Every structure is written in structure tokens, then in C-alpha cells.
Amino acid sequence: MRSIGIVGGGHAGLQLGIGLRQRGYAVTIVTDRAPDDVRNGRIMSSQGMQRTALQHERSLGLAFWDDIAPKHDFIEFSLGGDDGQRAVHWRAPVPSPGNSVCQRVKVPRWTEEFVSLGGTLEVRPAGIEDIEALTRKHDLVIVAAGKGEIAKLFERDAARSPYDKPMRALALTYVAGMEPTHPSRGVTFNAMPGVGEYFVMPAVTTTGECEIMVFEGLPGGPMDCWADVKNPAAHLQRSKEILQKFFPWEAARCQRIELTESNGTLAGRFPPVVRKPVGVLPSGSLVLGIADVVMLNDPLTGQGSNNASKFAHHYLERIVLRGAAPFDRDWMENTFESYWNERGKLTAEWSNRLLLPPGPPMQAILHAAEHNPVIARHFVECFDDPPRFFPWLFDMGAAEGLFGPLQQAA
Ligand SMILES: Cc1cc2nc3c(=O)[nH]c(=O)nc-3n(C[C@H](O)[C@H](O)[C@H](O)COP(=O)(O)OP(=O)(O)OC[C@H]3O[C@@H](n4cnc5c(N)ncnc54)[C@H](O)[C@@H]3O)c2cc1C
């Protein structure tokens, strides 16, 4: 029986580990937090997911929340104008509903599933020595440690990483009591030029249903305002103030919001980065990176969990296809590069471009979508598979070839 070691029992590590167990591989996951620590810990993400990534989870029997988590039936877009009100506003249905299951719910449940399938779980932070030991015992070691320090074992790929500093000041606020969207539930995304973006989605968390408020402030701008927030109540208050000031149409939904619980807040920032897929240990042994370890996007485009699922699906297929042949450097590089070429490259590029002010084609498209449901629908559909945004979202000729003449936005 071939054996695989995985460092990090988060989204990608668990999905891959469970898939491998289901196919008869011996799998050890070393992760730094026990399921109860995750369950009772701080929120980590907004983890909004779409069709393809959810399908990969379903194909492994892991969609335990399909009937519980509120469905995301649409994506709505609003652009703030000079008068502080909405200058653009449209909504389009998604072809297949998305959802958000709090990682504090998903990760512990998947960990139990992994163990019940006979996987070996070791709870401790893995350092270099641990990873060396794993490589001696397993045919392949995959590092799925997300934003953990150990990811630095993988060299930054400067040619694929256009930014060397954080592009947004991030904050999350999990709340109950928000007025739901009508007539169905969905993700509302709002942008205010010079300030940043705010999006909100329904989700299921440890306390039941909630809404997740996601703040993406331009660094140094008025929404980069979390440094003096010292406690959860102040975090909630700051969240409300931001809405009053910059997104008043969203504030109207928030008259009665309260935090789901004291761990329902998060603030931080990190630069998006792509890393080389193969890490070399002091002994010369090689390990392969997956998901956030090798392709960390800003959450603005909500791709990280989707990407973790798609990565895990891809690596699972490649491992199984490899049969009994060695997992050598060529195989590792090809495994990552085939993912990169198929979807990683354009997903990262799309995500990185959206961190900059929109160019004329995107502005024209976002405005036109208000009056043209075909454009709105196409825009929303592409979220599931970001390479489909190319080239039209960034190329006026291609956009007009697809949708007909577009007016330049004023
Ligand atoms: C504010 C915010 C909002 C987001 N919103 C969305 C969204 O709406 N949609 C979306 O698709 N994505 C979103 N993401 C991104 C998404 O959460 C991540 O991309 C995804 O969780 C990555 O999965 P992963 O398996 O690579 O890492 P993780 O899920 O982070 O798992 C890594 C695991 O490794 C463990 N670990 C770390 N170091 C070690 C070590 N040395 N030894 C052992 N274990 C270790 C960690 O504790 C963790 O359990 C968001 C992220 C943030 C920060």
C-alpha cells in the first residue's frame, strides 16, 4: 500500500487525505490543532464556495451541509458613486447555488471522517525535523499548511507574484440578525472607489446560520481602520460605522446585527504570493506544496477555498494515475504545472488584477451589466471558473465581440 504524509489538516489537506483513504492509500496527517481547538477557536475565512469546488467535495461524500447551509442563489454587484450612493447596481443568478460552511464546522467534521476511514492523525505543529521524519516513512509528503510559517520552505516565485506587500486590509465579522436579501439568499458585493470593497454572504457556523461581513480596505485608506480595535464589541461597532459611511445601502440591513460569538471577528493582511511547488529539506528530500502554500490569493475574489478543493481534486487524480511509479521532482513539478496551466495561472492573474482599479473594459462591462442581463449572468457564471473571464474582462475588443458595442463608463 502506498503511503502519503500530509502536513496541515485544513481544507486541502483533509479533502486530499480523505480522497486517498477512500482509494486505499495509507495516509498520515500532521496538523497543529485538534478538532475541538478548531471548533472553539477564532473564525478563519468567509469560505464562500461555488459549483465546481462543491462538486469535488460531493464526489467524496463530504457535502454534509448541502441541506443545512443557506444557498447562494445569486451574486449582486454595487458600485458606489461620488454622492456616496449606488451608481451601479445589478444582480444575476448563479447557475448552481454556492454556499459557505464555516471552517470551524467543516474542518472538525472532515477530521472525524478522515479518522473514521482509518487515516492517522497526529496533532502537533510540524517543523522541519517532523517533515524530514515524514519523508522517511512515506512515499510522498504534501505540505498543506496554508498561511502557516512552514510555507516559507517553498521559494517565492517572483515571476508569478506581482505584489510584495498586502493589497488590502482585511476584516471579517460574523453576525446574526442581519436582514436577509430578498427574494432569495445570495452574495452581495460592493465596491467604493478609493476606499475598498465590502461583501456579505449567508453561511452556517458553530452557532447556526449567520451572515459573514468581509471588509477589504485599500491599505492606508479610510477602511484600513482596524489597528485600534481592541475587543469584539469594538470590532462590531467599527463594522457598522464602515457601512454607514461607505455602503449605506448595506447599513440598512444591519440595524439589529450582533456578533455570533466573541470568536466571530478577524482582522489582518497578507500579500498574495505564488511559490515554487517543490520544497527541498536540509536532507535533500523533496516535498510538494498545495493550495495556499503555493498559491495564496487575496480573499477579494473569494477563490482560496475553491482553489483548495480544486487543487485537492487534481492532486488526488495525479497521485492515483501515478500508480507505483516514484513521486520524483519531475512528477511533482508536472503535477503543479498542469494545475497552474489549466486554471491556477489565470485564477491568480484575475484575482491580482481585481486588486487594481478597473480598466476601461471592466468599467464598461460592470456598467452595461445593469441594463443587460446577458452580461450580468455571464459575469456571475465565470466566478466558478475564473479563466473564463479572459480575455473579455480586460480587452474591449473581446468584450464587444462577445456582447456587442459597449459604452465607455464616464
Ligand atoms: C479573510 C478571508 C476571507 C476568505 N474568504 C474566502 C471565500 O469567501 N472564498 C474562498 O474560496 N476562500 C476564501 N478565503 C481563503 C480560504 O480560506 C483559504 O484559501 C483556504 O482555507 C486554504 O486552504 P488550505 O488547505 O490551503 O489552508 P488552510 O485551510 O488554512 O489549512 C491549513 C492547515 O494547516 C495547519 N498548519 C499550519 N501550519 C502547520 C504546521 N507547521 N504543522 C501542522 N499544521 C499546520 C493550519 O492550522 C490549518 O489547519 C478567505 C481567506 C481569508 C483570510
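The legends below refer to a predicted model.

Figure 1. Along the principal axes, the C-alpha atoms fill a box of roughly 65 × 50 × 40 Å. Of the 410 residues, 49% count as buried. Among contacts between residues at least 6 apart in sequence, 76% join residues at least 24 apart. The protein is divided into domain 1 (3-62 + 102-163 + 272-353), domain 2 (72-100 + 167-268) and domain 3 (360-403).

**Figure 2. The shell of residues around the ligand.** The shell holds 35 residues, of which Gly 8, Gly 10, Gly 146, Gly 148 and Gly 304 come nearest to the ligand. Domain 1 and domain 2 both give residues to this shell, and the ligand therefore lies between them. At least two shell residues are supplied by each of α1 (11-22), β2 (26-31), β3 (48-49), β8 (169-176) and α8 (304-321). Helix α8 provides the largest share, four residues. By residue type, the shell consists of 15 nonpolar, 17 polar and three charged residues.

**Figure 3. The contact between domain 2 and domain 3.** The centres of domain 2 and domain 3, taken over C-alpha atoms, are separated by 24 Å. Nine residues from domain 2 and 11 residues from domain 3 take part in the contact. On the domain 2 side, β4 (72-80) and β5 (86-100) each supply at least two residues. The largest share of that side, six residues, comes from β5. The domain 2 side that touches domain 3 divides into eight nonpolar residues, one polar residue and no charged residues.

**Figure 4. Helix α3 (residues 51-59) and its buried residues.** The buried residues of this helix are Ala 53, Leu 54, His 56 and Glu 57. Because these residues cover an arc of only 150° around the axis, they lie on the same side of α3. An α-helix has 3.6 residues a turn, so residues three or four places apart point the same way. Arg 58 and Ser 59 are exposed on the other side of α3. The elements that cover the buried residues include α1, β3, β5 and α8. After the helix comes Gly 61, with a positive phi near 75°.

**Figure 5. Val 38 in helix α2 (residues 35-39).** Val 38 has 22 other C-beta atoms within 10 Å, and a residue is buried if it has 20 or more, so Val 38 is buried. Apart from neighbours within four places in sequence, Val 38 is in contact with Arg 33, Arg 104, Val 107 and Pro 108. The C-alpha atoms of Val 38 and Lys 106 are separated by 9.7 Å, although these residues are 68 residues apart along the chain.

**Figure 6. Gln 47 and Ala 291, two residues with a positive phi.** Most residues other than glycine have a negative phi, and most peptide bonds are trans. Gln 47 is not a glycine, yet has a positive phi of about 40°. This residue is placed in the loop between α2 and β3. With 23 other C-beta atoms within 10 Å, Gln 47 is buried. Ala 291 is likewise not a glycine, and its phi is positive, at about 55°. The loop that holds Ala 291 runs between β16 (286-289) and β17 (295-296). Ala 291 counts as buried, with 28 C-beta neighbours inside 10 Å.

Figure 7. Pro 183 is found in the loop between β8 and β9 (187-192). Pro 391 is placed in the loop between α11 (373-382) and α12 (396-403).

Definitions and conventions: Residues numbered from 1 in each chain as written. Predicted model: local features only at pLDDT ≥ 70, side-chain atom pairs only at ≥ 80, totals over all residues. Near = placed C-beta within 6 Å. Nonpolar A, V, L, I, M, F, W, Y, C, P; charged D, E, K, R; others polar. Domains from an automatic or database assignment. Contact = placed C-beta atoms within 7 Å. Buried ≥ 20, exposed ≤ 12 C-beta atoms within 10 Å, placed from the backbone. Arc of directions from axis to C-beta.
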